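Visitor: Hi! Could you walk me through this protein?
Guide: Happy to. Let's look at it together.

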Amino acid sequence: GNCVSCSGSSCLAEQSARVSIELRGFQYQQRNPTEQAHLSVAFARDIALAAEVDASLVVDLMGQNSTVTMDQDGSIRAFLLDLEGVSAHDLAMSFYSKLFRETLSNSAVAILGSRPEHLGVGAITMEPEHFVPLQPTTTSRTSTSTA
């Protein structure tokens, strides 16, 4: 293998990245739970494919493998984990490509059975960021222990 595939600032220091994708004309909240689940898994697979990693390395904001977090407006949010030796530049090239946008649209159409009239992929952002899973509760407690 090539151990020195990226150097300096081109490497993802955190070895993880936040991916946000804006889907336009996509009424996510109007989909049934089965469609929502299938869409989350399909979009995770699309992200993994673009990043050339296993789908299990795509997690939603809670840390669940092989799925993404879908907001009410249809925005997709996920993290890519264990990106050792992956360059931010290569990831950006994949995520910002026309092919990736088409892949996302095609996945939606395959699951929904038809193309929503105004379906489009808007802004896509990919930011190197350390992954910290969201907690399901609204309150957070910090515990300190002395060993």
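**A look around helix α1**

Guide: Let's begin at the start of α1, where a side-chain oxygen of Asn-32 comes to within 3.0 Å of the backbone nitrogen of Thr-34. Keep in mind that this is a predicted model.

Visitor: How far apart are the end C-alpha atoms of helix α1?

Guide: They are 27 Å apart. Helix α1 covers residues 33-51, and at 1.5 Å a residue its 19 residues should span 27 Å, so the two values agree.

Visitor: Which residues of α1 are buried?

Guide: Among them are Glu-35, Leu-39, Phe-43, Asp-46 and Ile-47, along with alanines such as Ala-42 and Ala-44.

Visitor: And what do those buried residues pack against?

Guide: They pack against the strands β1, β2, β3 and β4, and also against the helices α2 and α3.

Visitor: What happens just after α1?

Guide: There, Glu-52 takes a positive phi of about 60°.

Visitor: New topic! Where does Thr-67 lie, and is it buried or exposed?

Guide: Thr-67 sits in the loop between β2 and β3. Its relative accessibility is 13%, and buried means under 20%, so Thr-67 counts as buried.

Visitor: Which residues does Thr-67 touch?

Guide: Leaving aside residues up to four places away in sequence, Thr-67 touches Ser-40, Val-41, Ala-44, Val-58, Val-59 and Asp-60.

Visitor: How many aromatic pairs are there in the whole structure?

Guide: A search finds two. In one of them, the ring centres of Phe-95 and Phe-100 are 5.1 Å apart with planes at 70°, so this pair is edge-to-face.

Note on methods. Residues are numbered from 1 along each chain as its sequence is written. This is a predicted model: local features need pLDDT of at least 70, side-chain atom pairs count only at pLDDT 80 or more; totals for chains, interfaces and linings use all residues. Side-chain values use heavy atoms; hydrogens and water are left out. Rings of Phe, Tyr and Trp (its six-membered ring) pair if their centres lie within 6.5 Å; planes under 30 degrees apart count as stacked, over 60 as edge-to-face and the rest as tilted. Helices (H or I, at least four residues) and strands (E, at least two) are DSSP runs, numbered from the N terminus. The expected span of a helix is 1.5 Å times one less than its number of residues. Buried means under 20% relative accessible area, exposed over 50%, partly exposed in between (1.4 Å probe, protein chains only). Contact means heavy atoms within 4.5 Å. A polar contact is a pair of N or O atoms within 3.5 Å; within protein, one must be able to donate a hydrogen and the other to accept it, and residues adjacent in sequence count only if both atoms are side-chain atoms.
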